[in-house]
Amino acid sequence: MKRFFSFLLVSILLLPVMGGTAMACAVAEKVSSGTPARVTGIIEEATMNTITIQVYDGKSLTFSTANADKSKCQGLTIGSRADVFYTGTILETDTLDVAVTAIQQPYGDAKVSPCTPVRVSGVIQDGTMNTITIQVYDGKTLTFSTANADKSKCEGLIIGSNIDVFYTGTIEGTNTSNTNVTCMEQ
């Protein structure tokens with residue numbers, strides 16, 4: 001009986017240590033094999049194994065596409081919109097630590113005009129009845145007026161969840177006052 005209690009006591013004392021180790025491994029695995037992030041932009045250049053897109057803030061990002069699934073592309077025409085799905089981290093315009101998993105384009109006319117909504121994807125940081133604040137791929141936060149936006153494809157606007165904001169107009173830095181949000185999707 002004394003051995004049993006000794007074993008039980010040792011087990012209880014070691015449980016947090018072993019659990020902490022297991023938890024650290026699980027978190028690292030989740031981060032490294034998580035769902036790919038997405039960045040949307042306008043194609044500036046495309047070659048057999050690279051694509052350069054201009055993102056919402058005017059920056060150009062060049063990605064290696066050698067191992068990317070391109071089955072949902074419509075030709076990668078310069079001036080058309082493209083979604084780049086990736087794992088890793090983009091630092092400013094440095095995409096060297098990024099692995100592109102897929103490139104997709106919208107069906108139909110993918111050419112962008114001033115009337116064509118542009119999509120910016122991010123994680124919801126805050127929201128009110130008529131605004132939403134999201135954090136985008138590069139860590140910046142953008143706050144949009146959503147008073148006239150179609151929210152029918154949203155599932156609750158929960159802080160920490162992913163969202164796509166479609167807008168017309170331009171974003172300058174983090175200033176979104178020259179945009180008109182047309183719809184949001186989750």
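The model is predicted: local features need pLDDT of at least 70, side-chain atom pairs count only at pLDDT 80 or more, and totals for chains, interfaces and linings use all residues. Residues are numbered from 1 along each chain as its sequence is written, and side-chain values use heavy atoms, with hydrogens and water left out.

**Exercise 1.** Find how many salt bridges the whole structure holds.

Solution. Apply the criterion: a side-chain nitrogen of Lys or Arg within 4 Å of a carboxyl oxygen of Asp or Glu. The search returns five.

**Exercise 2.** Describe the salt bridge of Glu92 and Lys59.

Solution. Start with the distance: 3.1 Å, N to O. Next, place the residues. Glu92 sits in the loop between β5 (81-88) and β6 (98-104), Lys59 in the loop between β2 (50-54) and β3 (60-64), so the pair ties together parts 33 residues apart in sequence. Strands here are DSSP runs of E, at least two residues, numbered from the N terminus. Then check accessibility: buried is under 20% relative accessible area, exposed over 50%, partly exposed in between (1.4 Å probe, protein chains only). Glu92 is exposed at 55%. Lys59 is buried at 18%.

Terms used:
Helices (H or I, at least four residues) and strands (E, at least two) are DSSP runs, numbered from the N terminus.
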